[in-house]
Each structure stands twice: as C-alpha cells, then as structure tokens.
Amino acid sequence: MHDLLNPADPAFARDPYPYYARLRAEGRPATRVALANGTHAWLVTGYRQAREVLADARFSNVPPSGAGRPRPDSPAQRARACLARHMLNSDSPDHTRLRRLTTAAFTPRRVDALRPRIEELTDQLVAEVAGRVAADGTADLVDAFAFPLPVLVIGEVLGVPEADRADLRAWTYRVGSPADALAEGEADEAWVRLHAYFTELIARKRREPGEDLFSALVRDTDEGGLDDGELLAMAFLLLFAGYETTMNLLASASLLLLTHPHELAAARDGGPERWAAVVEEALRHASPLEGTTWRRAAVEVDLGEGTVVPAGASVLVVLASANRDPDRFPSPDAFLPDRYLTDPGGGEGERAAAHLAFGHGPHFCLGSRLARLEGAVALPRLFEALPGLELAAEASGLPYRPGLLVRGPRRVPVRVP
C-alpha cells in the first residue's frame with residue numbers, strides 16, 4: 001500500500017523523484033495510487049511503458065462528462081470552460097483535424113525565422129534583470145526572464161499587437177499562478193479579461209488579417225475549419241502551451257547551471273552545440289511537464305504483468321519519472337549534458353536515448369522546436385551578459401509549482417556580487 005499522494009504538498013512538489021523511483025522499482029506497467037482529494041489514479045512511471053501508453057488508442061484524452069470539481073456558474077468559470085474544447089482534450093478524428101490546422105505554424109522554417117526576434121526580446125529582458133539587480137540587489141529569474149520571454153514570443157506567433165502584450169503577460173501570469181500567490185478575485189478577473197481579449201482578437205483578425213498563425217486559422221473557412229468556440233480554445237491552448245513548457249525549461253535550466261558551475265563553465269566554453277546539449281539535458285533531468293494531460297481508459301486495458309486498468313479509470317503518464325528511468329538513462333538523477341553531445345566518432349552517442357519531455361505519439365508537442373530555440377538563444381545570452389550571476393537563496397528551499405502536470409521553480413532569486 002502506497003502513502004497517500006498529495007501533489008500540493010510543497011515537499012513533494014520540490015522533489016517527487018524518490019516517490020516515482022519507488023513506483024518504478026515495483027516493475028509494474030502502471031500503479032494505482034490514492035490521491036489526497038479522495039480519488040484514485042493509475043500512474044505510469046517507466047520509460048518503456050510511458051511510450052506504449054502514450055501511443056495506445058485505448059486511452060482517451062476526452063474528459064468524462066462532469067469531470068473535475070463542480071464550480072458555481074460565473075463569467076470566470078465560463079471562460080475556463082472554453083479550454084475544454086482544445087485538441088489536448090480530444091481524440092481522432094477531431095484531434096487530427098485540429099492538429100493539422102496548427103501544424104503549419106510550427107514548421108522548422110517558420111520557427112527558425114523567429115530567432116532574431118527572440119534574440120532581441122532576450123536582450124531586453126536580460127537588461128531588465130541587470131537593472132533590477134543593480135537597484136534592489138536581487139532579481140527573480142522566473143518573474144523577470146523565464147516567464148515573460150515565452151509569453152512575448154507566443155504573442156508574435158498569435159499576432160498580438162505589441163501594445164497589448166503587457167496586458168496579456170499580466171493576465172497570463174495571474175491565471176497560471178497558484179491561488180496563494182494572488183489576491184482574492186485576481187485570477188477570476190484575468191480569466192474574464194483573457195476571454196474578452198481573444199474574442200475581440202478573433203473579430204479583429206477577420207477584419208484585418210495578417211501573416212501570423214491566428215490570422216491563418218481565422219481565415220480557414222474550408223470544411224473542417226475551426227468554429228468560434230474552437231478558435232477561442234485554440235487561442236488559450238497556444239498561449240498556455242506556448243509559455244508553460246518554455247517558462248519551466250528556462251527557470252529549471254538556469255537553476256541547474258547556477259548549481260552546477262562546472263557545467264556552466266563547459267557551456268560557456270563549448271559554443272552552440274554545448275548549449276543545445278544543456279537544453280536537452282535540462283528537459284530530461286527537470287521535465288517541465290511533470291505529466292501529460294489526464295487520460296481515461298476507454299475500455300478495460302490489460303497492460304500485462306498482472307496489471308489491468310479498468311474502463312473509465314484515470315491514467316497519468318508521468319514524464320518526469322520516465323525521464324529518470326535507470327533502464328533508459330545511465331546515472332538518471334545526475335545533470336549530464338554530455339549524454340546529448342554528438343559522438344566524436346560520427347555517431348549520435350546517447351542522443352538516441354531520447355527523453356519524453358514533449359510527450360510521444362499523436363500528442364507530441366507541436367511547439368517543441370520553438371521551446372528548444374528559446375532555450376538555446378536565451379540561456380547563453382543571460383549568462384554571457386551577467387557572468388557573475390549566482391543564486392541569492394539556498395536551492396533546496398526554493399518553492400516549486402504544485403501539482404502533477406507542470407513542474408518548475410516558482411522563484412529563482414539571483415544576484416551579482
């Protein structure tokens with residue numbers, strides 16, 4: 001019998017890996033655990049099993065009717081409900097249709113074309129970090145760097161006017177923050193404002209379409225195009241998916257480098273290939289998505305080894321655990337960018353031992369190339385501009401995002417002595 005799992009426990013949020021290691025050690029394809037909210041779920045924690053379940057159509061991404069805790073009807077609740085129609089909560093053929101309509105935005109050519117703008121935005125934010133340190137003695141890399149950069153970049157993808165991005169950044173910060181970090185009513189107000197903003201953005205793109213992704217989605221009037229409700233859901237999804245993973249990647253990678261000075265020195269000396277390896281290893285070691293979206297067994301599923309998941313059961317593939325599976329990654333708890341460097345002999349070295357930070361199968365993250373690009377651009381520019389940067393608090397005491405879906409430090413306070 002396992003201990004009750006409380007994802008909101010700060011100690012678990014800070015270091016869930018020992019718990020997952022115990023589940024993996026049992027060798028089961030999935031383990032049924034009791035959650036602190038009184039429900040049960042099946043957790044998939046091994047690398048091989050995670051890949052298999054993510055590609056198994058017997059597990060549905062469509063939430064059951066009435067899923068989640070009931071909330072009183074309100075404008076904020078209705079705004080939240082728009083998210084229920086996005087493609088992460090859908091199966092084929094709807095998922096295939098919705099994914100096809102967004103794939104064009106994330107082609108290598110379109111993503112790589114954003115590099116100059118990402119460099120410009122990064123330099124502006126690094127200057128702000130330096131200014132805060134000079135004025136106050138410290139700065140928070142999450143608030144001043146890791147959060148605003150991906151929000152501003154996804155603003156480019158969505159075609160949000162620059163004059164609106166400060167508001168978008170503020171509202172997004174509020175809806176993505178833990179409840180204890182905000183004044184009462186702030187999150188609800190932000191949800192309502194985001195809903196109103198994207199409703200107006202859709203109307204604006206119809207009147208004055210541009211070359212951005214969202215204009216293309218609004219213009220698509222062919223059979224199978226998006227209706228207004230799907231457009232709203234897609235705007236929310238692109239916004240949140242566009243910043244959550246990258247924010248956690250930048251925050252976790254910065255923290256890892258600040259606590260591994262030898263790896264930071266090697267990155268500074270190693271050039272673009274070494275920085276790319278840092279990004280890959282940060283994605284594996286500190287998976288920005290702790291788990292996938294919740295899945296549901298559409299039928300009874302026999303996973304073998306005596307493990308039978310009943311129909312209707314909630315299933316979570318724990319990416320953070322799969323990426324620390326010792327059967328796949330040697331020294332899985334160590335931060336070792338070398339494992340993602342190209343083999344000097346001409347092979348791919350351990351690159352074939354790919355992590356699952358962006359999922360696998362039909363729901364593999366469309367924005368993975370953009371997240372990698374932001375990391376490869378932003379991290380070296382941050383540490384080159386502020387060579388003496390150091391942590392201004394003990395790493396072991398930093399708070400982390402609670403829950404089982406996203407993972408990253410809530411604060412990374414830094415200073416320059």
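**View 1. Phe358 and Phe364 form an aromatic pair.** Phe358 is buried, at a relative accessible area of 3%. Phe364 is partly exposed, at 33%. Buried means under 20% relative accessible area, exposed over 50%, and partly exposed in between (1.4 Å probe, protein chains only). The two rings sit 6.4 Å apart, centre to centre, with 65° between their planes, and the pair is edge-to-face. Rings of Phe, Tyr and Trp (its six-membered ring) pair if their centres lie within 6.5 Å; planes under 30 degrees apart count as stacked, over 60 as edge-to-face and the rest as tilted.

This is a predicted model: local features need pLDDT of at least 70, side-chain atom pairs count only at pLDDT 80 or more, and totals for chains, interfaces and linings use all residues. Residues are numbered from 1 along each chain as its sequence is written, and side-chain values use heavy atoms, leaving out hydrogens and water.

**View 2. Tyr47 meets Phe329 edge-to-face.** The structure holds 11 aromatic pairs. In this one, the ring centres of Tyr47 and Phe329 are 5.7 Å apart and the planes lie at 85°, so the pair is edge-to-face. Tyr47 belongs to helix α3 (residues 47-54), and Phe329 to the loop between α16 (319-322) and α17 (368-385), so the pair ties together parts 282 residues apart in sequence. Helices are DSSP runs (H or I, at least four residues), numbered from the N terminus. Both Tyr47 and Phe329 are buried.

**View 3. Arg284 lies over the face of Phe329.** The distance to the ring centre is 5.3 Å. A charge sits over a ring if NZ of Lys or CZ of Arg is within 6 Å of the ring centre and within 35 degrees of the ring normal.

**View 4. Arg324 lies over the face of Tyr17.** Here the ring centre is at 3.6 Å.

Technical notes:
Helix = DSSP H or I, 4+ residues; strand = E, 2+ residues; numbered from the N terminus.
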